[in-house]
Structure formats: C-alpha cells, structure tokens
Amino acid sequence: MTSGQKKGTFSVLIIGIILGIILWGSFNWAMAITNTEEFCISCHEMRDTPFEELQDTIHYTNRTGVRATCPDCHVPKEWIHKVVRKIQASRELYHHFITGDIDTPEKYEAKRLHLAQNVWRTMKNTDSRECRNCHDIESMDFERQETRSADRHEEAIDKGYTCIDCHKGIAHALPEGYDPGEDAPGGGNEG
Amino acid sequence: MKKIIQISLAAFGLLLITGNTVTAKEDIASLRGTTDLSGPSLKAVKQKVISQEGGFERSYKQQPPMVPHKVDKYKITLKNNGCMKCHSKKNYKKEKSPMVGESHFLSRDGKKLQKVSSRRYFCDQCHAIQIDAKPLVKNEFDGLK
C-alpha cells in the first residue's frame, strides 16, 4: 500500500464517520421532533377536534398533573414499532395535503367511526401496548381500586381481555354509530 | 296648590313603600346569607361523590334510584350514552349492574320500543350522584318505610 492509498482510505473513513453522524443524528432528530404534541397539533385537524376533546379527560387534567401527550398513546416506544408507525403516518400526510378528507369538523365527524375503529383495531392487535407503557396491570393494587373496577380487572386477567376492549372513548369523544350498550368484551351476556 | 298637595302625597306614599321594603329586606334571610350581591359568590364546598355498593335505599316506591358511584368519566351526548356501557339490556348481567327500567322502553303512548325512549335518554335528569352534604334547611323528611 502506498502512502497515497493510505491517505485515501483514511479520508474516506473520516468522511464516512462524519456523514454517518450527520445522517443518523438528523434522522433521530426528525423522529424526536415528529414525536411531540406541538408537531401533532400543528395540523388543524388534530388541534381542533381530538386535542380539544382530550383536554376534558383525565389523561390531560387530573389530580396529580401527570399527563399523556398524543404520541404517548399513538406512537409506540420501541424503535422498530416506532419506525413502522412513522412510515404508516405518510398516509396521514397524504390525506392532509392531497385529499383533505377530514379538513372540516363536518368531514371529521363523518369519518370519525372509521378512524376510531382503525385505532381500536390497532390497539387490540398490539394488546394495548401503548396503554401498558404506563398502566401495568401487574402493578395494579386491586385493594385500592373501587370494587367494580377491581372485579372487572381480575376478570380481564383471567379471560385475557385487553385495555381497549373496555376503555373506548376515554380520551376522545365516542363516534356516532358506536353504541356502548351493545359492546362488551367477550360479547354481551354469555360470559 | 292642589298640585303641590298631590305631589307631596305621592312622595309620602313612595317614602312609605320604599321604607317598608327596606325593613322587609332585613327580615329575609336568604341561603346566600349576607354575601354582597355584587361580590363573587362563596366558593363551592368540595365534596366527594359517595360510592356505595348495593346502591341507596329509595325513599318512596317510584323514586328514580340514586347513582351510587362517580359518573364524571361517562358522557351522555346525542351520539352515545356512556351509562349504557353497563346498564344496557345487553351488558347489565355481565357488569352486575341494574338494567335500565322497563318503563324506559315505552313511548309516551305506551308503545313498547326496542331502544330506550328518547324521553328517558338523559339519565342524569332523574338519576343523581350523591354527596355527603348537610341539608341547607333543617327538615324532618323521612322516607316511606
């Protein structure tokens, strides 16, 4: 190897490292930026309806002041799931910029059932993974819960229910066309 | 001259009336107490909603049962009724909760309906949460035993 070749390899290595730091850094930076509530509510679709509704609920206002932001529930924490979700979000960008499917409160309302069902399905499929980032059923002290909550949580463990089976519409308004009185985990009275 | 007498009479009458109302005002003790009308009202006393297993005893037979639990997380809107999550015909057994009364499925003409009648849709118009509050006015009400 001549000294010229050596120099060449060395500079390629240095450039590679610097480029790597810049690319990886900006990728992470972009991930972090798009994972903030400010980013979510920079679109009026999110700011005017779901975020507005969230503010009335216990996940925004409560006794201890611990609160959940949009990504806490809607973006997975684990890296691989997070990246998958980010790629899926391109669909949301498409509808925001191209079709404008939910760009008025009326259009949002018309789509609400469909949108809610999408989120419910995802949460059901992941066994309510995002809920469990904070709410661990193993750490629940049933003695300190109300009797009816404790009973139902014990039943949920026994029968393998997931959070979203019962807790629908806790952070946003329920959609028209969904009847809480017809929905029960395990389906109605046979249980 | 006649006019002067008339005016002074009227003034005297007016004085009598206003004088009376002033004394009357002092006699009335309103629930608001001595709080100045133009000032801000007293802060509401914080009270916890009572959770009571098995529910509350009714005071008379046709009294709408009182709600023995918190309801702040359930919403009743034109689109959905959160109370039905547990009290609907389909879910009540599973949730071990009382079912919506049969009377709630009747239209005003007495016709049986499939769904809760719109007259009975807004549960909290009749069914109220309870707090452990002292009665504002002393009374001797005793429920029908």
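A residue is taken as buried if 20 or more other C-beta atoms lie within 10 Å of its own, and as exposed if 12 or fewer do. By this criterion, in the predicted model, the number of buried residues among the 31 of helix 1 of chain A is 0, so this helix lies largely in the open. Helix 1 covers residues 3-33 of chain A. At 1.5 Å a residue, a helix of 31 residues should span 45 Å, and the end C-alpha atoms of helix 1 are 44 Å apart, which agrees.

The secondary structure of chain A comprises 10 helices and 0 strands. Read from the N terminus, the order of elements is accordingly α-α-α-α-α-α-α-α-α-α.

The overall dimensions of chain A were then considered. The C-alpha trace spans about 80 × 45 × 35 Å along its principal axes. The radius of gyration of chain A is 23 Å, whereas a compact globule of 191 residues would have a value near 16 Å. Across the 191 residues of chain A, 10% count as buried. Of the contacts within chain A that link residues at least 6 apart in sequence, 62% are between residues at least 24 apart.

Chain A also meets chain B. The contact involves 15 residues of chain A and 15 residues of chain B. On the chain A side, the residues touching chain B divide into 6 nonpolar, 5 polar and 4 charged.

How values were computed: Residues are numbered from 1 along each chain as its sequence is written. Chains are lettered from A and ligands numbered from 1 in the order in which they are written. This is a predicted model: local features need pLDDT of at least 70, side-chain atom pairs count only at pLDDT 80 or more; totals for chains, interfaces and linings use all residues. Helices (H or I, at least four residues) and strands (E, at least two) are DSSP runs, numbered from the N terminus. The expected span of a helix is 1.5 Å times one less than its number of residues. Two residues are in contact if their C-beta atoms, placed from the backbone, lie within 7 Å. Ala, Val, Leu, Ile, Met, Phe, Trp, Tyr, Cys and Pro count as nonpolar, Asp, Glu, Lys and Arg as charged, and the others, Gly among them, as polar. The radius of gyration is taken over C-alpha atoms; the globule rule is 2.2 Å times the number of residues to the power 0.38.
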